[in-house]
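Today I opened a new model to look up its charged pairs. Here are my notes, in the order I made them.

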Amino acid sequence: MSEFALQSPGADETLRRPCVSVAVVMRRERIDNRWQPWRWSLADIVPHEDSFGTQPRLLLKDDQEERWLHPGFKVELFTDDAEGYYLNVSTPQPCFWVVWRMEEEALLANEPVPVPQTVTLSYHDAGRWLDAQETVEQVPAPRDVVEWMQAFVDAHYVLEAKRRQRPQSFKPLQDRFGNPARVSTDKKMGGGGHG
């Protein structure tokens, strides 16, 4: 397996952001289910090679599985999302996340196949897509990618110090409408008939 071509702006001044070019491999596998005999899933992320071209292509097809290569994805690191990369590299298994959708009509094969939409290393991006009900899957990131991402985090992420939460007793009291409330400790006279 070839190495990922990790690029940084310092190495190539024409680059605006650190990036890596990847290709996505999607897999269809036979499953033991009478209503749905096949299942699609993310199989792998591999380094992009010029020989892959620019169009998705079928790599393998037999009675048990099918694999498609989707080339040409650029994974960039953005300084304003350094926390998202920090959250990824600080997990036990840092990973790539891929958002993919099924074709609405079959364009690549006789029946619809999944088409990756984007690839990221940001924990925040993955969370937003999951919140939007997108199909998001992950595969482990190789060590060279993790080290590259860690170097970016070290250069751009500043861990915010936790602020001490103000005790609840110092918060101003409000009524149920949000207006300031008054509390009195004065004893009120009258009424109870205690004598």
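**Salt bridges, entry by entry**

I began with Glu-29, which forms a salt bridge with Arg-39, their closest N and O atoms lying 3.0 Å apart. Glu-29 belongs to strand 2 (residues 19-30) and Arg-39 to strand 3 (residues 38-47), so this pair ties together parts that are ten residues apart in sequence. For my criteria: a salt bridge is a side-chain nitrogen of Lys or Arg within 4 Å of a carboxyl oxygen of Asp or Glu. Helices (H or I, at least four residues) and strands (E, at least two) are DSSP runs, numbered from the N terminus.

Before going on, I noted that this is a predicted model, where local features need pLDDT of at least 70 and side-chain atom pairs count only at pLDDT 80 or more, while totals for chains, interfaces and linings use all residues. Residues are numbered from 1 along each chain as its sequence is written, and side-chain values use heavy atoms, with hydrogens and water left out.

Which other partner does Glu-29 have? I found Arg-27, with the closest N and O atoms 3.2 Å apart. Next I checked accessibility (buried is under 20% relative accessible area, exposed over 50%, partly exposed in between; 1.4 Å probe, protein chains only). Glu-29 is buried at 16%, whereas Arg-27 at 23% and Arg-39 at 40% are partly exposed. A network of salt bridges links Arg-27, Glu-29, Arg-39, Glu-65 and Arg-67.

I then turned to helix 2 (residues 123-131), where Asp-125 and Arg-128 sit three residues apart, about one turn of the helix. They form a salt bridge with closest N and O atoms 2.5 Å apart. Asp-125 is buried at 18%; Arg-128 is partly exposed at 48%.

Finally, my search of the whole structure gave ten salt bridges.
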